[in-house]
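Here is a short tour of one structure, with a helix pair, a sheet and a ligand site as the stops. Have the viewer open and follow along.

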Amino acid sequence: MTTPLVEASAISRRFSRGLDYAERLARMMGANVEERVVHAVDGVSLAVNPGEVVGLVGESGCGKSTLGRIMAGILPPSDGVMRWQGRDVSTQGRSEAKAARLASQMIFQDPMSSLNPRKTIMDIIGEAPVAHGLVRRNEAADMVTALMQRVGLDPSYLKRYPHQFSGGQRQRIGIARALAVKPRFIICDESVSALDVSIQAQILNLFMELKQELGLTYLFISHDLGVVKHISDRVAIMYLGRIVESAPADAFFAAPNHPYTIALLSEVPTIKQRRRQFNPVKGEIPSPLHPPSGCHFHPRCPNAFDRCRIERPVLREIAPGHISACHLNDTPGKTPATAALSATY
Ligand SMILES: Nc1ncnc2c1ncn2[C@@H]1O[C@H](COP(=O)(O)OP(=O)(O)OP(=O)(O)O)[C@@H](O)[C@H]1O
Ligand code: SF4
Ligand SMILES: [Mg+2]
């Protein structure tokens, strides 16, 4: 069996939300006001094999970025074990931890906010490899030039600043910066969401070319199933901190199982009418501060029945490599309400 490159095992991450002024005042006056805790990630297990592209999808606030940051090694989990090439990262020595940390790089949605506006492209791309001793200072310009060419930027722009580039070009700068430290695992966090559709396609193509050439592995985070469909080997769906379904991409799109997935798929816009932001599933996303009991999806689920309000459904394998957390899968006579899927995109 393949050892995953990176593996999250029963990972949880909680954030305490401190009290605001009014709440502190109320507490001082004797009211029973408690600090609120967000379960951003709640017992998630997710393995990414070498060379694989895993698409991680879910609505805003479901915990995608938090899980991505944990898998990139830049945010510690509250509970659970993270493994890099099969080894528990909490037991790594310093140099091993540093190597694993460099080997995982994140590329964000808004390159402008992640690129220092006062630094030139040369410094932005060349700084980390020099600092980490991957390249000598006097060789950095050659390396940056080669990287700029590789990501489709004119190397004569080496001395320019981020504001002198378009959104798509800035994303290419972000990609070159990530590549400069020779990563193996790239977490793309909504990396194409802010771009126009035609530029999105160019950047997705670049990601796929780089994967082939450099043997990269991706966790591709998006709330857009249309984008994920084009590039993923496997898809995982998150809802309020939990993974509710995961399957090889072909099986996922041909035979989705979870009612939340089916609702998401039935709302995927066509390429022509794709909007940048959309809130696909009917009904409001519940507050992660007070998630619904049992199955978190039950208040919005067209198939919900009594058991769903009480008991948390566990992930079960319903076909090889295809897991889904829905009580319908072990309730005879009940099946998820399917929607007309293939015609929508
Ligand atoms: N540093 C933090 N402190 C407090 N709460 C946080 C922090 N980071 C994330 N959260 C909360 O954790 C939950 C999950 O957030 P996260 O950013 O991981 O979601 P997401 O799926 O990436 O959303 P989006 O699609 O909007 O980017 C949200 O309720 C968010 O408010
Ligand atoms: S467990 Fe119940 S509420 Fe949850 S998705 Fe399945 S049918 Fe819907
Ligand atoms: Mg996010």
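Helix α5 (residues 121-131) packs against helix α7 (residues 167-179) at an angle of about 25°, their axes 7 Å apart. That makes α5 roughly parallel to α7, a label for angles under 35 degrees. This is a predicted model, in which local features need pLDDT of at least 70 and side-chain atom pairs count only at pLDDT 80 or more, while totals for chains, interfaces and linings use all residues. Residues are numbered from 1 along each chain as its sequence is written, ligands are numbered from 1 in the order in which they are written, and side-chain values use heavy atoms, leaving out hydrogens and water.

**The helix pair**
- The crossing of α5 past α7 is right-handed.
- On the α5 side, Ile121, Ile124 and Ile125 meet Ile173, Ala176 and Arg177 of α7 (contact means heavy atoms within 4.5 Å).
- The residues of this contact divide into 5 nonpolar, no polar and 1 charged.

**The sheet**
- An open sheet is formed by 4 strands in the order β2-β1-β4-β5, with antiparallel pairing (two strands pair if DSSP finds at least two bridges between them).
- Its edge strands are β2 (36-48) and β5 (87-88), each pairing on one side only.
- Strand β4 (residues 79-84) pairs with β5 over 2 bridges, and tryptophan 84 stands opposite arginine 87 in β5.
- Helix α2 (residues 64-71) lies across β1 (6-17), β2 and β4, at about 55° to β2.

**The ligand site**
- Ligand 2 is surrounded by 13 residues, and the closest are Cys295, Cys301, Cys308, Cys326 and His327 (a residue counts if one of its heavy atoms lies within 4 Å).
- This shell divides into 9 nonpolar, 4 polar and no charged residues.

Note on methods. Axes fitted to C-alpha atoms, helices over the stretch in contact; angles between N-to-C directions. Parallel < 35°, antiparallel > 145°, perpendicular 65-115°, else oblique. Left-handed = near helix turned anticlockwise from the far one by under 90°. Nonpolar A, V, L, I, M, F, W, Y, C, P; charged D, E, K, R; others polar.
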